[in-house]
Amino acid sequence: MKKLPDMREFEVLSFEVEDQALAFDVDNIEMVIEKPEITPVPKSKHFVEGVINLRGRIIPVVNLAKVLDISFDDSKMKSIIVAKTKDVEVGFLVDRVLGVLRITEEHVEMVDVSDKFGKKSKGLIKTDGRLIIYLNIDEIIEEITVKEGV
């Protein structure tokens, strides 16, 4: 008799960049804020928009669209997702946050979304007739900190 695999439930934060639905694991998300004034940082990498002062902490703000190499419209980017992994705190600039989704592993298709995303993606989430690119936040933060020295 075959034992059915346990369908682990977990939550992701779904958001949009230029009409593309994306998601991060909720475990790494500290908060979502409206885009405040961002202070530019001279000589920073092209994907770093600058820094914000969040309750006395200086947080680098990264344009997620630039990191993922997808088109974007600056005027639509209204939210910042503050994430933390391995003691690195980063704010990701996105168009808008859609909300938290509770999904099971059966909703996730472990496919390479494209050569463009590579290790930055964990696959595709198929839920409610929508396709959401499931991003690997650890990989993204590691990539930008190696590139940036954040």
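## Aromatic pairs

The count of aromatic pairs comes to 3. The model is a predicted one. Phenylalanine 10 and tyrosine 134 make a stacked pair, with 5.9 Å between centres and 25 degrees between planes. Phenylalanine 10 sits in strand β1 and tyrosine 134 in strand β11 (residues 130-135), so this pair ties together parts 124 residues apart in sequence. Phenylalanine 10 is buried at 9% relative accessibility. Tyrosine 134 is buried too, at 4%.

The pair of phenylalanine 15 and phenylalanine 24 is tilted, because the ring planes meet at 45 degrees; the ring centres are 5.0 Å apart. Both residues, phenylalanine 15 and phenylalanine 24, are buried. Ring pairs join Phe15, Phe24 and Phe92 in a cluster.

## Glutamate 11

Glutamate 11 belongs to strand β1 (residues 9-17). Its relative accessibility is 31%, so glutamate 11 counts as partly exposed. Its side chain makes a polar contact of 3.1 Å with the side chain of arginine 102.

Leaving out residues up to four places away in sequence, glutamate 11 touches Asp25, Val26, Val100, Leu101 and Arg102. Aspartate 27 is 16 residues from glutamate 11 in sequence, and the C-alpha to C-alpha distance is 8.0 Å.

## Glutamate 89

Glutamate 89 is part of strand β7 (residues 88-94). Is this residue buried or exposed? Glutamate 89 is buried, because its relative accessible area is 15%, and the cut-off for buried is under 20%.

Beyond four places in sequence, glutamate 89 touches residues including Glu30, Arg57, Ile59 and Val82.

How values were computed:
Residues numbered from 1 in each chain as written. Predicted model: local features only at pLDDT ≥ 70, side-chain atom pairs only at ≥ 80, totals over all residues. Heavy atoms only, no water. Helix = DSSP H or I, 4+ residues; strand = E, 2+ residues; numbered from the N terminus. Buried < 20%, exposed > 50% of the residue type's maximum accessible area, 1.4 Å probe, protein only. Contact = heavy atoms within 4.5 Å. Polar contact = N/O pair within 3.5 Å; in protein donor to acceptor, adjacent residues only side chain to side chain. Phe/Tyr/Trp six-rings, centres within 6.5 Å; stacked < 30°, edge-to-face > 60°.
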